[in-house]
Amino acid sequence: MATQLTNETSKDDDTKRRLLVDTFVGITAGFTLSWFITPLDSAVMDSMASSKQVTITSSLRDSMKQICTRPHRYLMQPQFGYVFGTYSSTYLAKNYTDTVCKATHQTAEITALYKFWLVFAVNGGLSVFWKDPGLARIIRSKYVENMAKTSGPVSMRMTYLCWMARDTVHIFGASVLPDYIEQKFHLSHKQWQLAQLTFPLMVQLLTTPMHLLGLDYYNHTSSDRTFMQRMTRVRADYLGAAGIRMIRMWAPWSIGLLINRELRDSLNGDQHH
């Protein structure tokens, strides 16, 4: 009886230690990668809001100049706070889910289910209702003189619908699927690394139109243009935006999740096979 209690206490202590590691790694990864993600997010939104007055390249150049010359001021911008808050919370949600599911010996299917819904709730909720509208509002204010005329209720509903669809597809493909196939099909660690590096990039081919359409609804009220006009704009921006989003998602979802996993495993002393 005493041995059983000792074992249970030891398992509880190990889980608590792993959760502390999860917290440290999640916040560190979120902060580090925000320096890369924020300029890319802002560049795509600059291009959409300015109707090509500002290109993605010129926006990136301006952001990188400020990061290199005045990093403390860039750090204090609300754009950086939106990205840091969203991605550190996302990493924390994924890390905690991984740790708890392993500690309770959940199956691959149950782990994938919990991970999808928890990461979706955190990342999707913060991205759709906080980060993306916040960034779009800040950037739109630079190009729209009369900000009293905001997107109407119909436009905002369509914006949220597009972005929720985007995040549903993205989180499943980028965050859940690599870990699921590793656990389900007993992939080697190198095979998991390859999946984690490539899946987040490929899923952008599906999510980019949803992202651009949501931005178009945000920047132009429903009465401004027809759906076909919106899709024409989306098609015109698709290739450039898809490329930028692949580069942008490569940092937090490919490299970020890979480093997040490797660092957690290293600090926890987990062995790979």
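This briefing covers the salt bridges of the structure above. The model is predicted. Side chains of opposite charge can pair when their charged atoms come close. Here the count comes to 21 salt bridges, with a cut-off of 4 Å between nitrogen and oxygen.

**A link between helices H1 and H9**
- Aspartate 22 pairs with arginine 264 in a salt bridge, and their closest N and O atoms are 2.7 Å apart.
- Aspartate 22 sits in helix H1 (residues 2-49) and arginine 264 in helix H9 (residues 227-268), so this bridge ties together parts that are 242 residues apart in sequence.
- Aspartate 22 has a relative accessible area of 0%, so the residue is buried.
- Arginine 264 is at 5% relative accessibility and also counts as buried.

**A pair within helix H4**
- Lysine 94 forms a salt bridge with aspartate 98, with 3.3 Å between the closest N and O atoms.
- Both residues belong to helix H4 (residues 78-103), four residues apart, or about one turn of the helix.
- Lysine 94 and aspartate 98 are both buried.

**A pair within helix H9**
- Arginine 233 and aspartate 237 meet through their side chains in a salt bridge of 2.9 Å, N to O.
- The two are four residues apart in helix H9, so about one helical turn separates them.
- Aspartate 237 is buried at 6% relative accessible area.
- Arginine 233 is buried too, at 14%.

- Salt bridges with shared partners join Asp22, Lys94, Asp98, Lys115, Asp179, Glu182, Arg261, Arg264 and Asp265 into one network.

Technical notes
Residues numbered from 1 in each chain as written. Predicted model: local features only at pLDDT ≥ 70, side-chain atom pairs only at ≥ 80, totals over all residues. Heavy atoms only, no water. Buried < 20%, exposed > 50% of the residue type's maximum accessible area, 1.4 Å probe, protein only.
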